[in-house]
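Here's a quick look at a ligand and the pocket around it. Have the model open as you read.

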Amino acid sequence: MNIIIFGPPGAGKGTQAEIIAKNKKLNHLSSGELSRQMINDKVLGEKIKKYLDSGNLIPNPIIINIVEKYIQENKQKNGFIFDGYPRNIGQAHALDKLAKEHNTTIDLVINLQLSESEALKRIMLRGQSSGRSDDNLEITKKRLKIYRERTKPILDYYQQQKKLKTINGKKTITEISQDIKNLIDKIK
Ligand code: AP5
Ligand code: MG
C-alpha cells in the first residue's frame, strides 16, 4: 500500500506520517527530511541548503533522484507513505512512472486541510525549538505561497483519479490519526 500525505507547511504531514508508518508498517519517506540530511553532502550539500534556507522548491532532477534512491534502498516494508512529495506535476508523473515499474500504485492521497494563518502559527511555535532554518516568519510565508501556487494545483490530478480524500487538519493529532486510519481501512 502506498499513501501520499499532502498539505501546506505546518499541516501535520510529518506528525501523521510517523504515526501511520508505525501502525501500518510503512516506510515514511519525507522529502524534506531527506533533503535536510543531505546538507553536508560533498557534491550537492551547498546547493540543497540554498533551497532549504530560502524556502524554494529543490529542482526536480535533484529531488526526484534523492527520492528514487531512498525508495530503491528501502523496499522491504509494506509500502511507502510519502510526506511532502510530490510537490508539482513533474514529481507526480515521476512517482506514477516509478510505481508502474514496480508493479504498484498510489492507493490514497490524504489532503490535510489547514488555513494559512493556523499553519503559520504552528510553524512559528515549532521554530522555537526545531532548529530548522526555514521556520521563520518570512520564509514560512514564502513556503505557504509556493504551496498555494505550485503544489496545491496537483490535487486536481489526484482528484481526477479518485484517489483524493480530504481531512480537517485543525482537529487534535489523535483525532486526525483516527480519521486517517478509517480512510486506510476502507481501501484495504
Ligand atoms: P518539508 O520538510 O516537507 O516542509 P513543509 O512541507 O514546509 O512542511 P513542514 O515539515 O513544515 O510541516 P508538516 O506538514 O510536516 O507539519 P508537522 O507535522 O511538522 O520541506 C522543507 C523544504 O524542503 C521545502 O521548502 C523545499 O525546499 C524542500 N523540499 C521538500 N520536499 C520537496 C519536494 N518534493 N520538492 C522540492 N523541494 C522539496 O507539524 C507542524 C507543527 O504543528 C509541529 O510542531 C507539530 O507538533 C504541530 N502539530 C501537528 N499536528 C498538530 C495538530 N493536529 N494540532 C496542533 N499542532 C499540531
Ligand atoms: Mg514535515
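In this predicted model, the side chain of S31 puts an N or O atom 2.7 Å from a nitrogen atom of ligand 1, which is a polar contact (a pair of N or O atoms within 3.5 Å). On its own, ligand 1 has 1000 Å² of accessible area, and the protein covers 86% of that (Shrake-Rupley method, 1.4 Å probe).

**Around the ligand**
- Q91 brings a polar side-chain atom to 2.9 Å from a nitrogen atom of ligand 1.
- K171 uses its backbone instead, with an N or O atom 2.9 Å from a nitrogen atom of ligand 1.
- Ligand 1 is surrounded by 32 residues (a heavy atom within 4 Å), and T15, S31, N56, R87 and R126 are the closest.

**The pocket**
- Ligand 1 takes up the space of the largest pocket (more than half of its atoms lie within 2 Å of the grid points).
- A pocket here is an open set of points on a 1 Å grid over the protein atoms alone, where a 1.4 Å probe fits, with protein on both sides within 12 Å along at least five of seven lines.
- That largest pocket has a volume of about 1000 Å³, meaning the space filled by probe spheres set on the points.
- Its lining runs to 47 residues (an atom within 4 Å of a point), and P9, K13, R126, R132 and R143 lie nearest the centre.

**Ground rules**
- Local features need pLDDT of at least 70 and side-chain atom pairs 80 or more, while totals for chains, interfaces and linings use all residues.
- Residues count from 1 along each chain, chains are lettered from A and ligands numbered from 1 as written, and side-chain values use heavy atoms, without hydrogens or water.

How values were computed:
Polar contact = N/O pair within 3.5 Å; in protein donor to acceptor, adjacent residues only side chain to side chain.
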